[in-house]
Amino acid sequence: MNESLKQYIVLTLFPEMFPGPLASSITGRALDQNHVGIEAINIRDFTTDKHRVVDDTPYGGGSGMVMKPEPLSAALAAARAKLPEGSPSILMTPQGEPFSQARAHELAQAPGLLFVCGRYEGIDERIRQTFDLELSVGDYVLSGGELPAMLMMDAIIRLLPGVLGNPESLSEESFQRHRLEYPQYTRPAQFQEGEVPAVLLSGNHAKIRRWRRKESLRRTLQRRPDLLKQYPPDKEEQELLRELQAEEEAKS
Ligand code: SAH
């Protein structure tokens, strides 16, 4: 057997959910070609009681169930022992740091990753300090951490060297330089009402590059002005911004 380049382990109560959608398309190819191996481990296998209980009622009362610390702790120890040194353990939680492209890049460097998926009302607080990282996929509550783990794995795996056919497509896309991507077109040149912007058919690469940067900026300005505030425009972008402003003034 070919050894996988990266080793990802998921602790879950629903191991049958993996690899799930990750088996298709780009991530599926990455799995087939052993760029990465994903192993889902059932937390329930680390229970020691007859009924294999993984949850219990919360101290202090209230609704819902909490994942018991002992099986999870034993599962964590087993998973950590399997992973190479320098593999961060990550708890999926809506209380975590918002997952981002920057985080995806950082995690793509690690030799292994350990994803821990909560269910019910989440995990016993005392287990939390053993994680290297707590990550959230957004300000909404899902019923479990499995989809967040898959989402993060997808974003990370496509960044692994050799996974994307054309690594250049990575340097252009949204968030790579803290901007949304410019509009994309493909054949036919005429489609229903719309035409492809003439500059893209011109073959003038300098012009195309500049147009793309400008449209990327226009889009970011319209949809995500917060990104411009957080990551201020460089010299060329400042010039492009002035052009965009002039266009707006000409319109009104
Ligand atoms: N009561 C908890 C939420 C429990 S949701 C709270 O308010 O914090 C059940 C599990 O789903 C969580 O343990 C977590 O693993 C996962 N989950 C739910 N929403 C998530 C999100 N936005 N990001 C990451 N994981 C999430």
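Visitor: Which residues in α8 meet which ones in α10?
Guide: Arg 209, Arg 210, Arg 213, Lys 214, Leu 217, Arg 218 and Leu 221 in α8 meet Glu 236, Glu 237, Glu 239, Leu 240, Leu 241, Glu 243, Leu 244 and Glu 247 in α10. Contact here is heavy atoms within 4.5 Å, and helices are DSSP runs (H or I, at least four residues), numbered from the N terminus. This is a predicted model, where local features need pLDDT of at least 70, side-chain atom pairs count only at pLDDT 80 or more, and totals for chains, interfaces and linings use all residues. Residues are numbered from 1 along each chain as its sequence is written, and side-chain values use heavy atoms, with hydrogens and water left out.

Visitor: OK, new topic. How many residues are in the largest nonpolar core?
Guide: That core has 31 residues, and Tyr 8, Phe 115, Met 153 and Ile 156 have the most contacts inside it. Such a core is a set of buried Ala, Val, Leu, Ile, Met, Phe, Trp, Tyr and Cys residues joined through side-chain atoms within 4.5 Å; buried means under 20% relative accessible area (1.4 Å probe, protein chains only).

Visitor: Which element gives the most to it?
Guide: α5 does, with seven residues.

Visitor: And what does Tyr 8 touch?
Guide: Leaving out residues up to four places away in sequence, Tyr 8 touches, among others, Val 36, Ile 38, Leu 107, Phe 115 and Met 153.

Notes. Buried < 20%, exposed > 50% of the residue type's maximum accessible area, 1.4 Å probe, protein only. Helix = DSSP H or I, 4+ residues; strand = E, 2+ residues; numbered from the N terminus.
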